[in-house]
Amino acid sequence: MSWNAARLSDEGAPKWFQIAGILRQSIVEGEFQAGDAMPTEAHLNEVFEVSRTTARAALNKLVQEGLITRRSGVGSIVLGGRVDQPVNQIRGFTEDMQLRGLKPSFEVLSAGWSQASGEAAQALGLASSDKPFRSDRLLRANDRLMGYSVSWIRPDVFGAMAPPTEALLAGGSLYAWLRENLGIEISGGVEFIEANLASQEIAQLLDVELASAVLVVTRIAKSTAGLPVEFAVVTYRADRYRFRVEL
């Protein structure tokens with residue numbers, strides 16, 4: 001049944017809650033696809049004979065659930081489902097997306113030997129003169145922009161091996177490259193997850209509004225021998241990515 005054929009009940013849940021449920025179901029069933037425009041407040045008012053305040057509350061509920069976004073001058077747009085990342089496992093982005101049946105891809109913004117930030121140097125146990133390998137990449141799943149990653153790899157793990165090229169980083173997993181070329185298996189570490197607001201730079205990179213909510217993951221990835229190999233800061237769009245805790 002089409003969303004606009006549904007009828008509200010005068011008993012039970014508030015009408016805004018009922019409308020949100022009808023629209024939510026229409027998204028789940030595919031009547032509205034990612035990128036589609038949702039009915040306007042005026043259209044909802046006309047179909048369900050409710051006030052603009054009630055219609056607005058229904059749409060705001062879907063915004064809070066991460067199903068739609070409100071864009072000035074455009075209206076309410078359906079978002080794709082958010083990707084869940086279990087917090088009890090450390091995986092590279094490629095492995096994480098593949099396990100969910102999604103196609104990962106990357107846009108390399110820069111890659112090369114670089115002076116480490118103070119936080120990166122401390123996490124990797126580097127001297128101030130050491131220059132780890134740094135890569136900056138945009139992360140996508142099924143061509144949808146998910147996040148922005150800055151990664152530092154300690155320099156001594158490379159030995160005589162040249163670091164991965166930008167072409168390699170654009171086409172595959174950094175963790176797989178470490179495993180296949182250096183024999184380093186990432187098997188543990190620690191992650192810190194926090195909410196933040198998008199700065200001007202992050203807003204432009206992730207195509208979100210300034211001060212939008214983002215998830216920031218700070219990671220120290222270790223080898224099976226316990227050596228800190230990578231320090232990474234990954235900023236995710238909060239409307240497309242979330243973390244799952246299994247207890």
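## Terms and basis

A salt bridge, as the term is used here, is a side-chain nitrogen of Lys or Arg within 4 Å of a carboxyl oxygen of Asp or Glu. The structure is a predicted model, in which local features need pLDDT of at least 70 and side-chain atom pairs count only at pLDDT 80 or more, while totals for chains, interfaces and linings use all residues. Residues are numbered from 1 along each chain as its sequence is written, and side-chain values use heavy atoms, with hydrogens and water left out.

## Salt bridges

The structure holds nine salt bridges. One of them joins Asp156 to Arg154, with 2.7 Å between the closest N and O atoms, and Arg154 counts as buried at 9% relative accessibility (buried means under 20% relative accessible area, exposed over 50%, and partly exposed in between, with a 1.4 Å probe and protein chains only).

Another salt bridge brings together the side chains of Arg219 and Glu191, at 2.8 Å from N to O. This pair links distant parts of the chain, since Arg219 lies in strand 8 (residues 213-223) and Glu191 in strand 7 (residues 186-197), 28 residues apart; helices (H or I, at least four residues) and strands (E, at least two) are DSSP runs, numbered from the N terminus. Arg219 is buried, with a relative accessible area of 8%.

## Asp136 and its surroundings

Asp136 lies in strand 5 (residues 133-141), and its relative accessible area of 6% makes it a buried residue. The side chains of Arg134 and Asp136 meet in a salt bridge of 2.7 Å, N to O, in which Arg134 is partly exposed, with a relative accessible area of 26%.

When residues up to four places away in sequence are not counted, Asp136 touches Glu107, Val108, Leu109, Ser110, Tyr148, Ser149 and Val150, where contact means heavy atoms within 4.5 Å.

## The buried side of helix 2

In helix 2 (residues 41-48), Glu41, Leu44 and Phe48 are buried. They cover an arc of only 60° around the axis, which puts them on the same side of helix 2; the arc is that of the directions from the helix axis to the C-beta atoms. An α-helix has 3.6 residues a turn, so residues three or four places apart point the same way.

The buried residues of helix 2 pack against helix 1 (15-28), helix 3 (52-64) and strand 1 (68-71). Glu41 is also linked with Arg52 and Arg56 in a network of salt bridges. Helix 2 is followed by Glu49, whose phi is positive, near 55°.
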